[in-house]
Amino acid sequence: LKLTPASSERSGRRQFDHFCCFSRASWARAMDFGPASKHQREVEQRRRDAKRKLDQQRRDDEQRHAMEHEQQLREEQRLRAEEEARQRAAEEARLNEGVRYATQLRPYPSARTDDKLELPPSALEELERQGAIERGTLLTFKVSLLSGPGKDGGHGS
């Protein structure tokens with residue numbers, strides 16, 4: 001352990017500016033500003049930067065793969081839905097011989113007492129355009145009530 005006194009020439013007395021308790025080895029390490037230690041610090045900093053960059057790339061790759069996987073799943077689901085819709089349309093066309101009539105109508109009171117519905121003239125025009133009347137077969141329809149906000153779904157007054 002070494003204490004170095006500093007001289008003060010004006011006052012004529014000696015005083016210690018600092019008390020330092022360093023061993024020679026720790027003093028040398030603390031004051032090591034040589035090119036080797038500077039190089040070592042730079043190497044360590046580059047290593048930390050490279051590791052940080054690799055970690056960020058890994059996280060980015062994982063996120064990209066997850067997004068691609070989700071997009072692929074959505075695309076597969078969309079394709080399945082399209083195929084199912086095509087199959088339903090093909091089955092419907094087979095059963096109906098290519099005639100399709102779908103519309104949304106409002107119910108009005110009628111004098112009929114049987115289970116038959118009266119369709120508007122626009123329905124007849126559409127069915128004639130598709131050649132359904134010329135076939136001379138009995139026409140059957142699927143009728144359903146809409147339910148939802150503002151709709152009574154057949155349960156109103």
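Helix H2 comprises 62 residues and spans 90 Å from its first C-alpha to its last, close to the 92 Å expected at 1.5 Å a residue, the expected span being 1.5 Å times one less than the number of residues. The model is predicted, so that local features need pLDDT of at least 70 and side-chain atom pairs count only at pLDDT 80 or more, whereas totals for chains, interfaces and linings use all residues. Residues are numbered from 1 along each chain as its sequence is written, and side-chain values use heavy atoms, with hydrogens and water left out.

The protein has 3 helices and 4 strands, taken as DSSP runs numbered from the N terminus (helices: H or I, at least four residues; strands: E, at least two). From the N terminus on, the order of these elements is β-β-α-α-α-β-β. H2 is followed by Glu97, whose phi is positive, near 55°. Buried residues (under 20% relative accessible area, with exposed over 50% and partly exposed in between, for a 1.4 Å probe and protein chains only) make up 5% of the 157 residues. Among contacts (heavy atoms within 4.5 Å) with a separation of 6 or more, 28% are accounted for by residues 24 or more positions apart.

Rings of Phe, Tyr and Trp (its six-membered ring) pair if their centres lie within 6.5 Å, and planes under 30 degrees apart count as stacked, over 60 as edge-to-face and the rest as tilted; by this rule the count comes to 1 aromatic pair. The pair is formed by Tyr101 and Phe141 and is edge-to-face, with 6.5 Å centre to centre and 80° between the planes. It links distant parts of the chain, 40 residues apart, with Tyr101 in the loop between H2 (35-96) and H3 (121-129) and Phe141 in the loop between H3 and strand S3 (147-148). Tyr101 is partly exposed at a relative accessible area of 23%, and Phe141 is partly exposed at 40%. Ala102 also lies in the loop between H2 and H3 and counts as exposed at 59% relative accessibility.

The second largest pocket is lined by 16 residues, of which Leu95, Asn96, Val99, Leu139 and Thr140 lie nearest its centre. On a 1 Å grid over the protein atoms alone, a pocket is an open set of points where a 1.4 Å probe fits, with protein on both sides within 12 Å along at least five of seven lines, and lining residues have an atom within 4 Å of a point. The largest share of this lining, 3 residues, comes from H2.
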